[in-house]
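Subject: Structure handover

Hello,

Here is the structure for you to look through. My notes on what turned up follow below it.

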Amino acid sequence: MKKLKIGISACVMGEPVRFDRGHKKSGFCMEQLAEFAEFKPVCPEMAIGLPVPRPTIRQIVRDNIITVSRPDGSGDVTQALKDFGANAAQNYQDLAGFVFCAKSPSCGMERVKVYHHHGKGSESTGVGIFAEQVMKANPLLPCEESGRLNDPIIRENFTTRIFTYQKWLDLKAEGLTRHKLIQFHSAHKYLVMSHHVESYRELGRLLGRADIGVEEQGERYISGLMQALKHKASRRSHTNTLQHLQGYFKRQLDEHKRRELTQEIAAYREGLSPLLVPLTLIKHHLIEFPNEYLQQQTYLNPHPKELRLRYGY
């Protein structure tokens, strides 16, 4: 399998680049995802010339303007981080995703502490200067923070998005045609349905249009697809998708097997078993009763089974 290219904060890889020579190593990234990913580490603070160890820096607000400097206001590195981020972001067009270090004044995606210039209090309303530039320049790029990847639903959602986006990058590299675009969508229909039903309908309508060029159609499509996948799939949405898949076997399965599958889907919906259980049963029926359309569905295998992402919910 071709490895995904993933941008990552160097400290999340375990490199001792933080202000105190520490790191924020992610077990999921380095012990599980690393088998399938080629990481491109970056520490924006070191990249702009700050040493290790170094004085702490923070986001400080004064007159509605946020700067990044030492707590006393000295050593302002705001513009340096912005410039580095803007330049680096232009080289990330081939990435399938990015993992940032949470709460960092340079790398945090959200909830970064912004301190008042007078030193009294703070609000967790900031975005890391470097991360902001990367996300602004690459709005489709799946991004997540290392700490949030400890949540099994967020982890599975992010992993689904990076593998999907890599497939899109590969498709574009081959050369986009309407036929390939329709094939791509056909393979991802039930994956989209499991995340956001309305997007499932909108993307179908988009591909039915013949009044726009394939390049524009492709850009609108991938924008809608990646936005749809940001919605976290729920037990309710998965159940709806599983029931659609179940419909393909209504004539092949005997009464006992139909009832068994119905019961397993219901058990999943009620939180009594993980998603893996009804999915495994559907895959078993697919072996017994092959269906080319279902066998190509990304929903059944959106990421490598070795990552074990559907075992816990």
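Two strands count as paired when DSSP finds at least two bridges between them. Keep in mind that this is a predicted model.

Strand β1 (residues 4-9) runs parallel to β2, and six bridges join the two. Within this pair, Gly7 sits opposite Lys40 of β2.

Next, the domains. The protein is divided into domain 1 (4-150) and domain 2 (185-312). Their centres, taken over C-alpha atoms, are separated by 35 Å. Seven residues from domain 1 and eight residues from domain 2 make the contact.

Now the packing. The largest nonpolar core has 73 residues. Which of them touch the most other members? They are Phe98, Phe100, Phe130, Trp168, Tyr221 and Tyr299. Helix α5 (residues 152-174) gives the largest share of this core, with seven residues. Why does the core lie between domain 1 and domain 2? Both domains give residues to it, so it lies between them. There is also a second, separate core of five residues. Among them are Ile57, Val68, Val77 and Leu81.

Last, the aromatics. The count comes to eleven aromatic pairs. One of them is Phe98 with Phe100, and this pair is stacked. The rings are 4.3 Å apart centre to centre, with 15 degrees between the planes. The planes count as stacked because the cut-off is under 30 degrees. Both Phe98 and Phe100 are buried. They also belong to one aromatic cluster with Phe84, Tyr92 and Phe130.

Phe100 has a list of contacts beyond four places away in sequence. These include Ser9, Val12, Cys107, Met109, Phe130, Ala131, Val134 and Met135. Cys143, Glu144, Glu145 and Ser146 are also touched by Phe100.

Best wishes

How values were computed: Residues numbered from 1 in each chain as written. Predicted model: local features only at pLDDT ≥ 70, side-chain atom pairs only at ≥ 80, totals over all residues. Heavy atoms only, no water. Core = buried A, V, L, I, M, F, W, Y, C linked by side-chain atoms within 4.5 Å. Buried < 20%, exposed > 50% of the residue type's maximum accessible area, 1.4 Å probe, protein only. Helix = DSSP H or I, 4+ residues; strand = E, 2+ residues; numbered from the N terminus. Domains from an automatic or database assignment. Contact = heavy atoms within 4.5 Å. Phe/Tyr/Trp six-rings, centres within 6.5 Å; stacked < 30°, edge-to-face > 60°.
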